[in-house]
Amino acid sequence: AEFAKTDTINEISNSDVKLNLSNDASDFVLLSEAVPDAILEIRYYSTYNFVGTRIDGYEEPVALLTKEAATALKKVSDDLKKKGYRLKIFDAYRPQKAVNHFMRWALDTNDVAMKKYFYPELEKNVLFPQGYIAEHSGHSRGSTVDLTLFDMNTEKEVDMGGTFDYFGLLSHPDYKNITKEQYNNRMILREAMLNNGFKPL
Ligand SMILES: C[C@@H](N)C(=O)N[C@H](C)C(=O)O
């Protein structure tokens, strides 16, 4: 699921954030510090993503958000912790370099290495036009986060009836062909995010 903080005012879409925050005048914070209960699985730092390689600009497996978005996410995390869940974060701040990498990848029609996992029903040239990937992403403002729920009882990701960055109908919020339980799980995350000022994308 992807959520953006609604009232964020920071705009830094064309510059990379320094990872050494002690020397950084920007208003960005590390999620590992701001939301210590969150589990980080920074997919664009790994090769397990729709491109199949580490994405440009992801030099460390860290997640950054604006202070405002991170503060709101801490509240989400605290709310959900009471219900036995933790947040699992796949992506937060995304450098423009990374978006440029996605755009370059989308133009290379020969490279379909990860198609069967991430976009089996679609041709890669529709992923930008259909809005699955954005050229001007809220992620590059540090106000948007891709995340799911982790169940502390089962010690597994919660079943949402889909997976991170599955580009297809299954990932649409109004997709009907999922079980009641999967739908309810989606709603638990959605409600917690909406209650704390995020809006779904
Ligand atoms: C690529 C996917 N994780 C994502 O973040 N999509 C939105 C639309 C974006 O690129 O901002």
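Okay, let's start at a loop: E155 sits between β6, residues 144-151, and β7, residues 156-157. When I say helix or strand, I mean DSSP runs, H or I with at least four residues for helices and E with at least two for strands, numbered from the N terminus. Before going on, a word on the source: this is a predicted model, where local features need pLDDT of at least 70 and side-chain atom pairs count only at pLDDT 80 or more, while totals for chains, interfaces and linings use all residues. Residues are numbered from 1 along each chain as its sequence is written, and side-chain values use heavy atoms, with hydrogens and water left out.

Back to E155. Its phi is near 60 degrees, which is a positive value in a residue other than glycine. Is E155 buried or exposed? It's exposed, with a relative accessible area of 60%. The cut-offs are these: buried is under 20% relative accessible area, exposed is over 50%, and partly exposed is in between, using a 1.4 Å probe and protein chains only.

Two bridges join β6 to β7, and the two run antiparallel. For strands to pair, DSSP has to find at least two bridges between them.

Strand β1, residues 2-5, runs antiparallel to β6, with three bridges joining them. There, A4 has T144 in β6 as its bridge partner. On to β5: six bridges join β5 to β6, again antiparallel. K88 stands opposite T148 in β6.

Let's zoom out. The protein chain has five helices and eight strands. If you walk from the N terminus, the order is β-β-α-β-β-α-β-α-α-β-β-α-β. The chain has 201 residues, and 45% of them count as buried. Then there are the contacts, meaning heavy atoms within 4.5 Å. Of the contacts in the protein chain with a separation of 6 or more, 76% are between residues 24 or more positions apart.

What about the inside? The largest nonpolar core has 45 residues, and those with the most contacts inside it are F50, L73, L87, I89, L147, L189 and M193. The element that gives the most is α2, with six residues. By nonpolar core I mean a set of buried Ala, Val, Leu, Ile, Met, Phe, Trp, Tyr and Cys residues joined through side-chain atoms within 4.5 Å.

Leaving out residues up to four places away in sequence, I89 touches a list of residues including L31, I42, A63, L73, V145 and L147.

Next, the ligand. Which residues surround the ligand? They are E2, Y44, R94, G131, Y132, I133, A134, S137, H139, D146 and D165. To be near a molecule, a residue needs one of its heavy atoms within 4 Å of it.

Some distances here. A polar side-chain atom of R94 lies 2.6 Å from an oxygen atom of the ligand. Y132 uses its backbone instead: one of its N or O atoms lies 2.9 Å from a nitrogen atom of the ligand. For A134, a backbone N or O atom lies 2.9 Å from an oxygen atom of the ligand. Taken alone, the ligand exposes 310 Å², and the protein buries 92% of that.

D165 lies in the loop between β7 and α5, residues 180-195. D165 has a positive phi of about 60 degrees although it is not a glycine. D165 counts as buried, at 14% relative accessibility.

Last stop: Y175, found in the loop between β7 and α5. Y175 counts as partly exposed because its relative accessibility is 23%. Not counting residues up to four places away in sequence, Y175 touches L169, L170 and R186. And G161, 14 residues away along the chain, has its C-alpha atom 9.8 Å from that of Y175.

Conventions: Polar contact = N/O pair within 3.5 Å; in protein donor to acceptor, adjacent residues only side chain to side chain. Areas by Shrake-Rupley, 256 points an atom, 1.4 Å probe, with all protein chains shown as cover.
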